[in-house]
Amino acid sequence: SDPDLVARARAARDRLGDRAFVLGHHYQRDEVIQFADVTGDSFKLAQQAAARPDAEYIVFCGVHFMAESADILTTDHQKVVLPDLAAGCSMADMATHEQVEECWETLAEAGVADTTVPVSYMNSSADIKAFTGRHGGTVCTSSNAKRALEWAFEQGEKVLFLPDQHLGRNTAVLEMGLSLDDCVVYNPHRPNGGLTHQQLRDATMILWRGHCSVHGRFSLDSVNDVRERIPGVNVLVHPECRHEVVSAADVVGSTEKIIKVLEEAPAGSAWAVGTELNLVRRLADRHPDKEIVFLDKTVCFCSTMNRIDLPHLVRTLESLADGQVLNRITVDPETEHLAKLALDQMLRLP
Ligand code: CIZ
Ligand code: SF4
């Protein structure tokens with residue numbers, strides 16, 4: 001990266017000292033990750049932010065919903081900033097407040113709202129987490145989705161899982177033994193989600209029609225092709241991938257698990273990894289004794305993660321060092337209170 005910008009970022013970072021804490025999501029660019037005080041997935045980063053009550057500024061190098069979660073979990077005087085406000089998440093954007101309220105009305109009309117428990121993936125807006133808290137549900141991550149579903153099925157008969165249909169389906173079918181027939185997909189762009197009341201009454205898992213624009217693009221062909229190209233390869237994918245991809249993989253895991261599996265893999269082993277490209281490249285560099293390839297060369301970076309680049313980080317750090325807060329992310333108190341109910345429920349999962 002541009003040495004001039006690196007020097008400016010360093011100088012601004014030094015001026016800020018302990019007043020700032022820089023968080024870097026695993027899917028961020030190398031040029032940004034080099035300035036992270038801690039790296040992690042969205043959940044680990046939110047916890048890390050909460051563990052730094054003395055830091056006045058939390059610089060969140062990640063996407064919007066993650067910065068919102070950090071704001072919810074930190075104290076009111078801490079300021080969470082996102083170096084580029086255009087760094088959203090296409091998956092989180094697939095479930096809006098209005099759409100989810102409309103869905104709940106449909107469930108009520110079908111007579112199943114009372115027995116349905118919402119389970120929302122961390123990758124959702126604060127509004128969606130608040131909806132979840134208001135209706136007695138829980139947030140989950142890709143590492144505790146199974147425990148979240150088990151808990152939810154103790155509270156009610158059905159689960160509304162949002163916004164990622166793939167994580168919901170993969171967890172229900174591959175980890176909990178439900179069948180594909182127990183799942184229906186609610187499409188927020190169709191009246192009544194495109195479902196009849198009877199279908200809603202018969203379903204056990206109501207999956208929101210959302211997906212990740214990176215993980216959702218790996219296909220069964222990606223898996224078959226790489227197995228042909230690299231005999232003996234181990235296919236390692238994130239549970240946001242499609243059901244047929246996860247079913248055909250050798251190992252499935254959250255971002256943190258993927259990192260751990262590759263760390264512990266024996267030298268000389270070969271791995272095709274289905275997750276974000278910045279992370280896969282870094283892991284390949286970190287483990288030159290193993291063959292680590294990207295599962296499908298036609299899939300690309302997460303475009304919104306990549307919006308945070310060194311120029312944006314420099315601008316953020318320099319303005320904070322000058323006492324000016326750019327791009328602060330705040331969640332209003334009512335939303336924060338309800339979202340926190342759902343986040344706290346996740347932290348209490350057995
Ligand atoms: O796909 C993502 O954005 C993930 C896995 C985020 C996270 O860290 O949970
Ligand atoms: Fe959203 Fe997918 Fe990008 Fe993660 S990788 S931020 S889920 S679009």
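Predicted model: local features only at pLDDT ≥ 70, side-chain atom pairs only at ≥ 80, totals over all residues.

Tutor: Residues are numbered from 1 along each chain as its sequence is written, while chains are lettered from A and ligands numbered from 1 in the order in which they are written.

That shell holds 13 residues, and the closest are Cys89, Met91, Cys212, Val214 and Cys302; a residue is near a molecule if its C-beta atom, placed from the backbone, lies within 6 Å of it. Now for the record: an unreviewed UniProt entry puts the feature "binding site" at Cys89, Cys212 and Cys302. They are spread over 214 residues of sequence yet cluster in space, with a largest C-alpha distance of 9.2 Å. UniProt positions follow the numbering used here, feature names are shortened, and annotations may be inferred rather than shown by experiment.

Let's take two of these cysteines in turn. Cysteine 89 sits in the loop between strand S4 (79-81) and helix H5 (97-109); helices (H or I, at least four residues) and strands (E, at least two) are DSSP runs, numbered from the N terminus. Cysteine 89 counts as buried because it has 22 C-beta neighbours inside 10 Å, the cut-off being 20 or more other C-beta atoms within 10 Å of its own, placed from the backbone. Setting aside residues up to four places away in sequence, cysteine 89 touches Val63, His64, Phe65, Asn123 and Thr304; contact here means C-beta atoms, placed from the backbone, within 7 Å.

Cysteine 212 is also in a loop, this one between strand S9 (205-208) and helix H10 (220-229). With 24 C-beta neighbours inside 10 Å, cysteine 212 is buried too. Beyond its neighbours within four places in sequence, cysteine 212 is in contact with Met91, Asp164 and Glu240.

Cysteine 212 turns up around ligand 1 as well, where the residues are Asp41, Ser42, Met122, Asn123, Thr141, Ser142, Cys212, Glu240 and Thr255. The shell around ligand 1 splits into two nonpolar, five polar and two charged residues.

Terms used:
Nonpolar A, V, L, I, M, F, W, Y, C, P; charged D, E, K, R; others polar. Buried ≥ 20, exposed ≤ 12 C-beta atoms within 10 Å, placed from the backbone. Contact = placed C-beta atoms within 7 Å.
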